Amino acid sequence: MSLTFASWNINSIRTRAHLVKDWLDRNPDCTLLCLQEIKCEAHQFPKLFEEAGFHVAVAGQKAYNGVALISRVPLPVTTDHLPGFESDEARYIETELEEVTIGNLYLPNGNSGGDAGFAKKLNFLEALHRRSLTLQKEGRSFAFIGDYNVCPTDEDYAPKALSPDDALLRPESRAGFRRLLWSGLTDALRCLHPAGRHYTFWDYQAGAYQRNSGLRIDHALLSPRLADRLTGFTIDKDERGREKPSDHVPVVIDLT
DNA sequence: ATGGCCATACCCTATGGA
């Protein structure tokens, strides 16, 4: 049985619902799309997806953050909050698809709010690590997919795209990401492309996309048995060149 | 060498993003 699902930080679903619908129409094999930064409450989420026959689940809030799932099959939501994340911000929603648990996440950026803002980022990474251990103990296959706001290594951002002390690069952020790997998870892109620059985000400023001054911050981490099924990781870079795009592009996971 | 953007809120400039 093959399975395809995707992640996209959309930077406001109300502004870009038409881009998402177009993308889904052009990617009929994608069963589930995980969205981040929808920037609205559940009742404000565009209705056109359900009207077109999709199943939708939303963990939203006013103005900021917010995550959602758009699926071609029914969506059982296992939780709309990451256990152990000590904030009511809408940054996690989890479902099950063909016996696979899929956690859709939006990690705090960590550059705003001073020490408390950075601590919130580390708290999310710790909670995600605990979630990894819990799901493995339960014997579940799972994927944690979304906007991690972490560049795991120096190969994961364009030279000078970030200042050296940025929260996306801080040693504590990278250690939190590595701890997830040490818990047994596989970085899907690096499994298929061990080296090389593969970006998922380009800033709106300074012609970053035209100069390919990007970041790799949208990741999929797979549990051990799921990693054995990995056949594809596609970064849909062309989406960044469309009219009024998100600053992130879709990433697509293919499993046998 | 430098600066360059965008979305939201409840009224327009501040905040967060990365």
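Student: Does Asn9 count as buried or exposed?
Tutor: Relative accessible area is found with a 1.4 Å probe on protein chains only; under 20% is buried, over 50% exposed, and in between partly exposed. Asn9 has a relative accessibility of 0%, so Asn9 counts as buried.

Student: Good start! What kind of model is this?
Tutor: Residues are numbered from 1 along each chain as its sequence is written, chains are lettered from A and ligands numbered from 1 in the order in which they are written, and side-chain values use heavy atoms, leaving out hydrogens and water. Local features need pLDDT of at least 70 and side-chain atom pairs count only at pLDDT 80 or more, while totals for chains, interfaces and linings use all residues, since this is a predicted model.

Student: In which strand does Asn9 lie?
Tutor: Strands here are DSSP runs of E with at least two residues, helices are runs of H or I with at least four, and both are numbered from the N terminus. By that scheme, Asn9 belongs to strand β1.

Student: How far is the side chain of Asn9 from a phosphate oxygen of DNA strand B?
Tutor: Within the protein, a polar atom of the Asn9 side chain lies 3.2 Å from the backbone nitrogen of Asn11. Towards a phosphate oxygen of DNA strand B, a polar side-chain atom of Asn9 has a distance of 3.4 Å.

Student: And how far is Tyr106 from a phosphate oxygen of DNA strand B?
Tutor: Tyr106 is also one of the residues in contact (heavy atoms within 4.5 Å) with Asn9, leaving aside neighbours within four places in sequence. A polar side-chain atom of Tyr106 and a phosphate oxygen of DNA strand B are separated by 2.9 Å.

Student: Which helix gives the largest share of the surface near DNA strand B?
Tutor: Of the atoms of DNA strand B within 4 Å of the protein, 66% belong to sugar or phosphate and the rest to bases. On the protein side, the largest share is three residues, and they come from helix α1.

Student: Which strands stand at the edges of the sheet?
Tutor: Six strands form an open, mixed sheet in the order β3-β4-β2-β1-β14-β13, where two strands pair if DSSP finds at least two bridges between them. An edge strand has a single partner, so one side is left without a neighbour in the sheet, and this holds for β3 and β13.

Student: Over how many bridges do β2 and β4 pair?
Tutor: Leu33 stands opposite Ile70 in β4. Strand β2 (residues 32-36) and strand β4 (residues 67-71) run in the antiparallel sense, and their bridges number five.

Student: What distance joins the side chains of Thr4 and Asp254?
Tutor: Thr4 is placed in strand β1 and is buried, with a relative accessible area of 13%. A polar contact is a pair of N or O atoms within 3.5 Å; within protein, one must be able to donate a hydrogen and the other to accept it, and residues adjacent in sequence count only if both atoms are side-chain atoms. The polar contact between the side chains of Thr4 and Asp254 has a length of 2.7 Å.

How values were computed. A residue is near a molecule or strand if one of its heavy atoms lies within 4 Å of it.
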